[in-house]
Amino acid sequence: MVCEPFSQWVLEDQFPAARPPFEASGAQLVEDVLPYELMKLRLLNAGHQAIAYLGVLAGYRYAHEAAQDPLFSRFLRAYMENEATPTLAPVPGVDLDAYRRGLVARFANPAVADTLARLATDASDRIPAFLLPVVHERLAQGSSTPLAALVVAAWARYAEGMDEQGAAIDVVDRRRDAVTDRALRNREEPLAFLRDESLFGDLANNPAFTSHYTAALRSLHAHGARETLRRWLDSSDSVKDA
């Protein structure tokens with residue numbers, strides 16, 4: 001049996017009666033589990049989304065293939081450090097810099113053999129839960145989200161159902177028909193995908209987000225995922241030296 005060397009089990013120590021000694025098995029017993037939950041959702045889970053759609057478009061099939069690509073790993077680190085982490089409260093007992101480095105290493109582990117298709121499944125559930133809270137929070141604070149906007153644009157491009165090599169993409173999503181219908185209008189209506197308020201709220205009306213989103217979508221159509229990543233990393237103010 002193959003497994004990761006990493007494990008983490010965090011429990012909120014709010015039991016109505018006696019409990020087993022979970023800490024004896026390595027569990028962390030904490031007063032408030034929310035900071036740990038948000039850390040996982042906005043770094044690990046959203047990190048998977050950051051490489052899934054771009055990776056498939058570029059021709060990768062496994063998470064480790066994308067994560068081992070220096071261009072993709074740099075983008076992943078930049079998103080986690082510069083856009084996601086500023087929305088997190090301190091996480092007691094966790095070094096967030098070490099946690100981010102560990103995530104990149106975990107994603108790049110070929111023994112796990114996690115498919116990008118699995119990570120991209122049910123995006124209409126995952127993106128709103130993992131990535132969009134970061135977007136909404138940063139926009140409310142007056143901060144930009146060019147990297148998250150590229151991830152959303154990559155989802156929109158992915159949902160068109162064909163990768164850059166002309167191979168069909170099997171879009172697996174409970175809202176597949178609605179998602180693909182909007183995605184197929186991307187070229188004629190660049191904001192069609194974002195105008196699904198049940199997923200994105202009022203993001204289509206927010207120029208701070210749509211300026212980055214539409215530029216990313218145009219670039220994905222014109223230049224492909226790898227070149228778009230390169231251009232984004234070279235030009236985005238939020239990347240810095242991540």
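Predicted model: local features only at pLDDT ≥ 70, side-chain atom pairs only at ≥ 80, totals over all residues.
Running over residues 207–235, helix 10 holds 29 residues, yet the C-alpha atoms at its ends lie only 19 Å apart. A bend of about 120 degrees is found in helix 10 at H223. At the start of this helix, N206 places a side-chain oxygen within 3.0 Å of the backbone nitrogen of A208.

Helix 10 also carries a charged pair. The side chains of E227 and R231 form a salt bridge, with an N to O distance of 3.0 Å. These two residues are separated by about one helical turn, because they sit four residues apart in helix 10. E227 has a relative accessibility of 27%, so it counts as partly exposed. R231 is likewise partly exposed, its relative accessible area being 39%.

Across the whole structure, the search returns 16 salt bridges. Side chains of opposite charge can pair when their charged atoms come close. Among the pairs found is that of D181 and R185, at 3.2 Å from N to O. Here D181 is partly exposed, with a relative accessible area of 43%, and R185 is partly exposed at 28%. The salt bridge between E160 and R157 spans 3.6 Å, N to O, and both E160 and R157 are buried.

How values were computed. Residues numbered from 1 in each chain as written. Heavy atoms only, no water. Expected span 1.5 Å × (residues − 1). Bend = angle between axes of the 7 residues up to and from the residue. Polar contact = N/O pair within 3.5 Å; in protein donor to acceptor, adjacent residues only side chain to side chain. Salt bridge = Lys/Arg side-chain N within 4 Å of Asp/Glu carboxyl O. Buried < 20%, exposed > 50% of the residue type's maximum accessible area, 1.4 Å probe, protein only.
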